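Here are my notes on this one, jotted down as I went through the model. Have a look at it first, then read on.

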Amino acid sequence: MTFTRKTRSGRKPPVAHEHRMQVALFKWATLAAGADPRLRLLFAVGNGGKRNVIVAKKMKAEGVKAGVPDVFLPVPCGGYHGLWMELKISPNKPSQEQCDWMVSLTKQGYRCVVVMDNWEKAKEIIEGYLKA
């Protein structure tokens with residue numbers, strides 16, 4: 001199952017933005033949830049992106065925290081409490097805050113992964129996690 005379109009040359013264009021990568025992952029999860037209902041629990045953490053100062057202050061007051069990974073699957077598998085994923089497009093790398101969050105979450109019994117450039121790799125990680 002592929003959600004990226006092909007160019008006229010027949011090659012897939014690179015996903016140019018983390019947003020598109022995440023959208024493709026959630027399209028797959030929505031379709032695949034019929035076969036594995038646990039995928040319905042997969043959700044995104046809305047703490048990324050640029051916001052105006054007023055909205056940013058409101059979100060901070062509501063408890064939004066910088067560095068929390070992008071995607072969470074709250075399903076215990078393979079000895080973990082759940083799966084956290086940070087999606088990145090090269091040359092971007094996780095920030096120090098993101099790394100600190102993932103270290104802390106790992107210490108609490110969660111599996112944390114950074115997925116670079118490819119929503120299909122994120123899909124494979126989720127599928128493998130759910131089989132554990």
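**Notes on the model**

1. Let's start with the rings: F43, F72, W84 and Y110 make up one aromatic cluster. Rings of Phe, Tyr and Trp (its six-membered ring) are paired here if their centres lie within 6.5 Å; planes under 30 degrees apart are called stacked, over 60 edge-to-face and the rest tilted. Keep in mind that this is a predicted model, where local features need pLDDT of at least 70, side-chain atom pairs count only at pLDDT 80 or more, and totals for chains, interfaces and linings use all residues. Residues are numbered from 1 along each chain as its sequence is written, and side-chain values use heavy atoms, with hydrogens and water left out.

2. How many aromatic pairs does the structure hold? There are 4. One of them is F72 with Y110, an edge-to-face pair at 5.9 Å centre to centre with 65° between the planes. This pair links distant parts of the chain, 38 residues apart: F72 sits in strand β2, and Y110 in the loop between α3 (96–107) and β4. Helices (H or I, at least four residues) and strands (E, at least two) are DSSP runs, numbered from the N terminus. F72 is buried at 10% relative accessible area, while Y110 is partly exposed at 23%. The cut-offs are under 20% for buried, over 50% for exposed, and partly exposed in between (1.4 Å probe, protein chains only).

3. Y80 and Y129 form a tilted pair, 6.4 Å centre to centre and 40° between the planes. Y80 is in the loop between β2 and β3 and Y129 in helix α4, so the pair ties together parts 49 residues apart in sequence. Y80 is partly exposed at 36% relative accessibility; Y129 is buried at 2%.

4. Now for helix α1, residues 18–32. Its 15 residues reach 21 Å from first C-alpha to last, close to the expected 21 Å (1.5 Å times one less than the number of residues). Buried residues in α1 are M21, Q22, A24, L25, F26, W28, A29 and A32. Their cover includes β1 (43–44), β2 (71–73), β3 (83–88), β4 (111–116) and α4 (119–131), with contact meaning heavy atoms within 4.5 Å.

5. Two backbone spots to check. Most residues other than glycine have a negative phi, and most peptide bonds are trans. The S90 to P91 bond is cis, with omega near 10°, and P91 is in the loop between β3 and α3. D117, not a glycine, has a positive phi of about 70°; D117 lies in the loop between β4 and α4 and is partly exposed at 34% relative accessible area.
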